[in-house]
Amino acid sequence: MAEHVILFTGPMGAGKTTAIEKLSEIDVVRTEAANTERQVADKATTTVALDYGEIVLDDQDKVRLYGIPGQRRFDFMWTILKERAKGMVLLVHNDADDPIGRAVEYLDEFADLYAKGGVVIGITRIDIAPGPSVTDYAAALAVAHPDKIVPIYTVDPRQRDQMRTLLMTLVANIETRDMFVERVPQREELVAE
Amino acid sequence: MTSAEWDYARSSAGEGPRYVTGWGNSAVEIHRVGTIPVPVTMRLEVADHPPIVIDFARRTYSATLPFDRYPIHPGSVAITAEAVAPGSPAPFPGIGVQLDGLLWAVGITAFEGSAAPWLRPSDRYRLSRWPNFTELPHTMDYIRMTALLGAGFLSLPELCAGASVSVGQAQRILNALSLMGGLQVVGGVEEPTMVLRQDAADQPRGLFGRLRARLGL
Ligand SMILES: Nc1nc2c(ncn2[C@@H]2O[C@H](COP(=O)(O)OP(=O)(O)OP(=O)(O)O)[C@@H](O)[C@H]2O)c(=O)[nH]1
Ligand SMILES: [Mg+2]
């Protein structure tokens, strides 16, 4: 049985729980508790351990969607899940403090997945904070990682079709990396050298 | 920039309207003007329709009608382009919308599956930035092709083979991405160091294909 683990991470209030609820075919396992950090994200509850949802492929296989609260990303359980993960959806809300800085910080922490092409970025809450733009994010990431082109989309996690576009982009990106091999030089080229 | 360079850029933006037929010729003008290294504004007028005004410096445009409400084959498009001083105000009221939306629509439709004239058959292409697909009309094939172009330099036939799409479909996305300035293009016949595997397209049981079927996309 193949395992397809996709992680959702990002700062508090970015929309991770909302995103998994839109994608999941089962009732999402949520671990919400009263939010004691209303100054960070002004909402009643926050995820304390994880979110878990699934998309069933057939009776054998499912895509497992795990949401990691930002403040838990160093816990041992997450270290294990990170190794099992095929890819990661990084959500950053545009009305966060220094959202671009947060995006760079998370990408550095998930550098292994990033190197494999297994990361997509969703910028959320652009209806509340229209800037910075996708171009601004891309420019900052190009400085940190000039050799990588990472998909960066504006998304509203409450919109199922947008979340599906994000998820399918991630899967396409992971799969197409495996479709390339190093070219074997032709005999004439070897002779010429 | 020296004043001679400025004059050159200014004159290549063109004076007075040029009249062209169809979106293909309009796309050629947009592509040409889009590469001029000074701020340029452009106005496209189709008879009996509101104008489309482009601010290349801010990569925004303004039009009161969506692109799909314009004729598919406009008989005459009057195009005026003008170089403006850096920092000039936008050529339309308000902040406009992202230019990519217009360039994507024009690029996908303008040449109807043939190659844009600025692309050559021997070229190879690689993605230089991801289009913001949540803002653009797209199919899953476009996402898959974009992912392939993000992974290595590909020729048109390789892109078709890797994504299992027709030449027309692959050509449309190359036209659109290059018009948006989202492709690195290299000419010549030299093969890249990373190439598609021979069995690359044999992935009906791949996760992408299965999820696509499951989600009905
Ligand atoms: N207006 C608007 N609200 C959004 C958007 N995305 C998410 N939200 C809302 O923002 C709030 C936070 O979303 P959650 O899904 O709880 O965020 P989270 O990432 O799970 O947050 P934590 O679990 O606390 O880390 C919810 O009320 C969402 O409905 C968006 O694009 N626009
Ligand atoms: Mg949550």
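**A conversation about the model**

Reply: To begin with one contact, D141(B) and R212(B) form a salt bridge, their closest N and O atoms lying 3.1 Å apart. A salt bridge here is a side-chain nitrogen of Lys or Arg within 4 Å of a carboxyl oxygen of Asp or Glu. The pair links distant parts of the chain, 71 residues apart: D141(B) is in helix α4 (residues 140-151) of chain B, and R212(B) is in helix α7 (residues 207-215) of chain B. Helices (H or I, at least four residues) and strands (E, at least two) are DSSP runs, numbered from the N terminus.

Me: What kind of model is this, and how are things numbered?

Reply: This is a predicted model, in which local features need pLDDT of at least 70 and side-chain atom pairs count only at pLDDT 80 or more, while totals for chains, interfaces and linings use all residues. Residues are numbered from 1 along each chain as its sequence is written, chains are lettered from A and ligands numbered from 1 in the order in which they are written, and side-chain values use heavy atoms, with hydrogens and water left out.

Me: Back to that pair: is D141(B) buried or exposed?

Reply: D141(B) counts as buried because its relative accessibility is 15%. Buried means under 20% relative accessible area, exposed over 50%, and partly exposed in between (1.4 Å probe, protein chains only). R212(B), at 23% relative accessibility, counts as partly exposed.

Me: How many salt bridges does the structure hold over all chains?

Reply: The structure holds 21 salt bridges over all chains, and the count between chain A and chain B is 4. E175(A) and R144(B) meet through their side chains in a salt bridge, at 3.8 Å from N to O.

Me: Which residues does chain A pair up within itself?

Reply: R38(A) meets D42(A) in a salt bridge of 3.0 Å, N to O. With a relative accessible area of 43%, R38(A) is partly exposed, whereas D42(A) is exposed at 65%. E54(A) forms a salt bridge with K62(A), where the closest N and O atoms are 3.7 Å apart. E54(A) is buried, with a relative accessible area of 10%, and K62(A) is partly exposed at 26%.

Me: Changing topic, what coordinates the magnesium ion?

Reply: The magnesium ion (ligand 2) is coordinated by OG1 of T17(A) and OG1 of T47(A), at 2.0 Å. These two residues link distant parts of the chain, being 30 residues apart: T17(A) is in helix α1 (residues 16-23) of chain A and T47(A) is in strand β3 (residues 45-56) of chain A. Donors are N, O and S atoms within 2.8 Å of the metal (3.2 Å for Na, K and Ca); water is not among the atoms, so sites may look incomplete. Both T17(A) and T47(A) are buried.

Me: How much area do chain A and chain B bury between them?

Reply: They bury about 3400 Å², 65% of it on carbon and sulfur atoms. Buried area is the accessible area (1.4 Å probe) that two parts lose on being put together, summed over both. In chain A, the residues that lose the most area to chain B are M168(A), M179(A) and F180(A), together 23% of what that side buries. The contact takes 35 residues from chain A and 39 residues from chain B, contact meaning heavy atoms within 4.5 Å.

Me: Which residues does T169(A) touch?

Reply: Leaving aside residues up to four places away in sequence, T169(A) touches V120(A), P151(A), Y153(A), W130(B) and I143(B). T169(A) belongs to helix α6 (residues 160-177) of chain A and is buried, with a relative accessible area of 0%.

Me: And where is S26(B) found?

Reply: S26(B) is in helix α2 (residues 22-34) of chain B, and at 0% relative accessibility it counts as buried. Not counting residues up to four places away in sequence, S26(B) touches V20(B), L44(B), V77(B) and I79(B).

Me: Finally, how is chain A built as a whole?

Reply: Chain A has 7 helices and 8 strands. Of its 193 residues, 50% count as buried. The C-alpha atoms of chain A fill a box of roughly 70 × 45 × 35 Å, taken along the principal axes.
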